[in-house]
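The following note is meant for a colleague who is meeting this structure for the first time. Please read the points alongside the sequence and the model.

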Amino acid sequence: MKSVADMTKGETAIISGFTDEEISVKLLEMGFLPGTAVRFNFAAPFGDPICVSVSGYDLSLRLEEASTISILN
Amino acid sequence: MAAAKLKIALAGKPNSGKSSLFNQLTGLNQKIGNFPGVTVDKRTGSCQLDDKTIAEIIDLPGTYSLYPRTLDEKVVAEVFTDQRGKFYPDKVVLVADATNLKNCLLLLTQLIDLRLPTVLALNMVDLAARSGQSIDLKKLEKKLDMPVVMINARNGTGIENLKSILAGPVKPSSRVVYQSDEESRVLIGKIRTKFNLTSDYEAYQFLQQSDNLVFLPKHDREFIRQSAKDNNFFAHKYQGAETIMRYGFIQDLLNEVIMRSSDEGWKKVSHSIDRVLTHKVGGYIIFFVILFLIFQSIFAWAQIPMDFIDSTFAHLTTRLDQVFPKGPFFELISHGIIPGIGGIVIFIPQIAILFAFISILEETGYMARVVFLMDKIMRKFGLNGKSVVPLMSGWACAIPAIMATRTIDNWKDRLITIFVTPLMSCSARLPVYTILVALIIPDYKVLGFFSYQGLVLMGLYLLGFVAAILSALAMKFLIKVKERSYLIMELPTYKMPKWSNVGLQIIEKTKAFVFEAGKTILAISIILYVLASYGPADVMSGADQTVRSKTEGLKLPESEIQGKVASYKLEHSYAGELGKILEPVIKPLGYDWKIGIALVTSFAAREVFVGTIATIYSIGSADDESTIKQKLKTEINPETGGPRYTLPVGLSLLVFYTFAMQCMSTLAIVKRETKGWKWPLIQLGYMTALAYLSAFAVYQLLN
């Protein structure tokens with residue numbers, strides 16, 4: 001299953017769920033809601049962390065955090 | 001009966017403009033401190049709401065919800081659930097960023113369920129309007145059943161309106177957003193009755209966060225934990241479901257009240273700035289130019305006011321000596337207390353400059369990008385993207401640098417940064433370095449261009465840096481904490497800094513240093529003064545005479561006799577005795593008791609080494625570097641008959657000063673930032689051991 005960590009620059013996807021319960025509660029709070037769109041904006045110079053847009057604002061995520069967010073596409 | 005002051009808490013997510021609102025409401029009437037038990041800045045201030053009402057405003061740490069992600073954020077859940085607590089507010093202002101309401105309202109819906117009388121302040125309405133967004137305010141008020149005020153905390157629009165609403169009665173909203181499921185309802189009711197709580201949701205929070213609510217006695221927390229377990233209360237599962245339910249409510253609400261949503265066009269500028277500032281080459285270049293500018297300014301520009309402070313206090317001591325009658329009490333004032341206060345004030349320029357930069361970096365939104373750029377590299381060493389600024393500042397001075405670690409949210413990352421920052425060679429080491437390097441390293445040029453001495457000096461800076469990085473790496477594996485490290489962080493849109501916020505931040509940090517760390521610094525400096533000025537009474541009082549009779553035939557000028565008297569006194573003071581006691585311990589490093597005395601006195605601050613050396617060799621003025629150098633060059637080691645300051649001794653001393661703590665002000669500030677003596681003492685032990693062993697190895701290998 002694809003996750004936000006697999007996305008490429010400029011790609012948009014729909015969040016389908018989470019694979020880590022502990023982080024998921026934080027991610028939900030920050031606006032990563034199942035069914036909403038997430039856009040991959042750009043990655044930091046070494047490819048990690050990454051910047052995404054979700055629920056109307058820009059967030060940074062480490063790849064290990066991004067890999068727990070499953071996406072549909 | 002005097003009515004208790006109205007308590008108003010400001011809550012909201014980070015970057016919502018909460019601090020700006022706090023500054024608007026309180027101006028200069030601010031007090032800073034810590035929330036009990038944790039090092040979280042507690043900012044309180046008083047505000048005149050109307051003719052009759054004065055309120056105490058409490059600025060809470062920025063948070064997205066009641067569930068904490070860092071130790072600091074735990075404070076928020078505690079404040080709102082501890083009804084008997086000192087900070088339990090009478091009213092709450094939830095500050096929301098109008099350009100991005102969705103994420104701001106999560107915490108609001110939790111406050112509603114806690115039945116706290118809340119006012120919603122929509123901040124940055126100017127930006128929201130420019131982005132084309134329009135909100136049906138009346139409908140929003142009705143749907144939330146609470147007052148809603150539009151404000152612009154940057155220029156003060158709407159603040160008076162907010163004040164007058166806060167002065168009047170505010171009722172808790174009658175809405176209930178979160179309904180717990182059937183199975184846990186009985187349990188929630190049981191907890192609510194037992195602890196006599198005002199809302200079901202408060203009982204639910206008790207069940208969710210029993211570990212975090214430290215105001216509850218241990219047996220109560222144990223009771224809650226056990227009840228949760230017995231009744232299959234799954235904290236994480238419920239928490240996820242709760243958040244989804246709340247966002248469902250918020251989305252429905254926004255669909256109804258937002259008449260026209262914003263286009264994302266206004267963010268275009270911010271996005272193009274990001275393309276430059278987070279560029280894989282350009283981003284780092286810009287960041288290091290900014291770091292260099294910060295470093296340069298605390299290193300070089302602060303020197304001017306520092307020299308001024310230094311000479312002012314020296315002048316004051318001389319003046320007082322003339323005015324005061326003789327006697328130990330007056331000498332304690334003029335030579336112990338006044339220079340001690342001077343030793344505190346001298347740090348103010350560096351603190352002010354560093355925090356001016358840091359608050360500009362935070363206000364503009366650039367700090368989040370620094371973390372973004374540096375996270376991957378720093379994390380390898382157990383540090384955080386935000387550790388870069390404190391570490392670099394450590395090259396100028398560890399005091400402001402350690403104060404700057406408060407920007408690091410993660411406690412473990414913050415602790416490691418605090419621990420290793422004093423290993424960075426600060427500017428106080430420079431006088432020690434230069435005099436010793438000039439003394440023992442020949443003034444050659446390598447390849448006709450690089451000075452040999454310069455290379456050694458650079459090597460010392462590098463040595464400290466490497467030690468800091470390696471120590472951080474070691475601590476990464478040694479310290480175990482439950483707290484997981486996250487980097488789920490907002491990258492706010494870029495903004496111009498608000499200068500009054502920058503100014504208030506400088507005042508706040510300076511006050512915190514002077515009034516909190518200052519006490520410890522003053523106490524230690526008085527102790528060191530007494531140690532260096534007093535000794536067994538008969539020897540000390542006869543010092544003048546003894547020296548004069550010894551040097552009678554030499555026909556020395558008066559100033560030289562004075563110098564010899566000072567040297568004699570220092571030798572026979574308690575500090576001198578301590579130096580002699582230390583001699584066997586420091587002998588393997590190549591030092592004698594004279595260096596031992598300098599080690600003792602320079603515990604106050606490293607640069608004192610030079611002054612002590614000048615006194616002990618009765619050089620007179622410590623300002624003249626070449627005189628000191630000449631004098632030290634001719635100093636003979638009685639055991640070998642050769643010079644005292646050989647290459648091995650000099651290098652051993654240089655390595656010692658690179659690693660040793662030797663700074664009471666650093667200890668004082670670490671004590672303040674870590675809440676207690678545990679960490680400063682571990683740090684002192686570690687750095688002293690590291691210094692001793694390295695100096696030992698250097699001397700033994702070279703000698």
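1. H1(A) passes H10(B) in a left-handed crossing (the near helix is turned anticlockwise from the far one by less than a right angle; clockwise would be right-handed). Residues of the contact include Val25(A) and Leu28(A) of H1(A), and Thr243(B) and Ile244(B) of H10(B); contact requires C-beta atoms, placed from the backbone, within 7 Å.

2. Helix H1 (residues 21-29) of chain A and helix H10 (residues 235-257) of chain B pack at about 20 degrees, their axes 9 Å apart. Axes are lines fitted to C-alpha atoms, for helices over the stretch in contact, and angles run from 0 to 180 degrees between N-to-C directions. The two helices are therefore roughly parallel (under 35 degrees).

3. This is a predicted model, in which local features need pLDDT of at least 70, side-chain atom pairs count only at pLDDT 80 or more, and totals for chains, interfaces and linings use all residues. Residues are numbered from 1 along each chain as its sequence is written, with chains lettered from A and ligands numbered from 1 in the order in which they are written.

4. In chain B, seven strands form an open, mixed sheet in the order S2-S3-S4-S1-S5-S6-S8. Strands are DSSP runs (E, at least two residues), as are helices (H or I, at least four), numbered from the N terminus; pairing needs at least two bridges. S2 (30-34) and S8 (148-150) of chain B stand at the edges, each with a single partner strand, so one side of each lacks a neighbour in the sheet.

5. Strands S3 (residues 41-48) and S4 (residues 54-59) of chain B pair in the antiparallel sense over six bridges. Ala55(B) in S4(B) is the bridge partner of Cys47(B).

Conventions. Parallel < 35°, antiparallel > 145°, perpendicular 65-115°, else oblique. Contact = placed C-beta atoms within 7 Å.
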